[in-house]
Amino acid sequence: MTALSLDNPVFAAYLVASALMVLKVMGQGWMTVHRMMKVSAGFASPEDLRKGPINRVPDPSQIEVNEYVDRSRRMHRNDLENIPAFWAAGLLFVTVDPALWLAQLLMYGFVVARLAHFWAYATERSHELRATFYTIGSVIVIYMAGHVLWAALV
């Protein structure tokens, strides 16, 4: 059995967790667009003020920071800062043949931590709660990378 095969249950767990995180990243982008369209504000660039089928009545205030839209944009940026590290560390982790229970705990734990982070951010919970979920996900990625280093160097 090769590590990067659907015959490998660790790789299958990685694929499920990674696909869920792809959907999370892409969904967050769409959430930002939805919020911009809903409030007709929070646009990102000056050219967004050009009249068109979607923006029929452009107004310079549309490119000012809008907290409702910007909150989603910050969540998206946070995903883009954290999820790619999971993709890289997780794939490397698969190649060192970890125990299935450990791989599932870490990979699905990362997914749950990112979804909990999203919930905390979207519902304006305390920074401490949001940071707790970030920390859980971060420690998981750091552990996987360390595990890979250990396996490669020992």
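Ser 18 sits in helix H1 (residues 9-39), where helices (H or I, at least four residues) are DSSP runs numbered from the N terminus. The model is a predicted one, so local features need pLDDT of at least 70 and side-chain atom pairs count only at pLDDT 80 or more, while totals for chains, interfaces and linings use all residues. Residues are numbered from 1 along each chain as its sequence is written, and side-chain values use heavy atoms, with hydrogens and water left out. Ser 18 counts as buried because its relative accessibility is 9%; buried means under 20% relative accessible area (1.4 Å probe, protein chains only). Leaving out residues up to four places away in sequence, Ser 18 touches Phe 86 and Trp 87, contact being heavy atoms within 4.5 Å. Ser 18 and Phe 86 are 68 residues apart along the chain, yet their C-alpha atoms are separated by 8.1 Å.

Phe 86 turns up again in the pairing of H2 with H4. On the H2 side, Asn 82, Ala 85, Phe 86, Ala 89, Gly 90, Leu 92 and Phe 93 meet Tyr 134, Val 141, Tyr 143, Met 144, Ala 145, His 147 and Val 148 of H4. This contact is made up of eleven nonpolar residues, three polar ones and no charged ones, with Ala, Val, Leu, Ile, Met, Phe, Trp, Tyr, Cys and Pro taken as nonpolar, Asp, Glu, Lys and Arg as charged, and the others, Gly among them, as polar. H2 (residues 67-95) and H4 (residues 127-153) pack at about 35 degrees, their axes 9 Å apart; axes are lines fitted to C-alpha atoms over the stretch in contact, and angles run from 0 to 180 degrees between N-to-C directions.

As for H3 (residues 100-122), its 23 residues should span 33 Å at 1.5 Å a residue, and its end C-alpha atoms are 32 Å apart, which agrees; the expected span is 1.5 Å times one less than the number of residues. Buried residues of H3 include Leu 106, Met 107, Phe 110 and Arg 114, and the buried residues of this helix pack against H1, H2 and H4. Beyond its neighbours within four places in sequence, Phe 110 is in contact with Met 21, Asn 82, Ile 83, Phe 86, Gly 137, Ile 140 and Val 141. Just after H3, Glu 124 takes a positive phi of about 55 degrees.

The largest nonpolar core has 22 residues, and Phe 86, Phe 93, Met 107, Phe 110 and Met 144 have the most contacts inside it. Such a core is a set of buried Ala, Val, Leu, Ile, Met, Phe, Trp, Tyr and Cys residues joined through side-chain atoms within 4.5 Å. H1, H2, H3 and H4 each supply at least two residues of this core, and H1 gives the most, with seven.

Methods
Buried means under 20% relative accessible area, exposed over 50%, partly exposed in between (1.4 Å probe, protein chains only).
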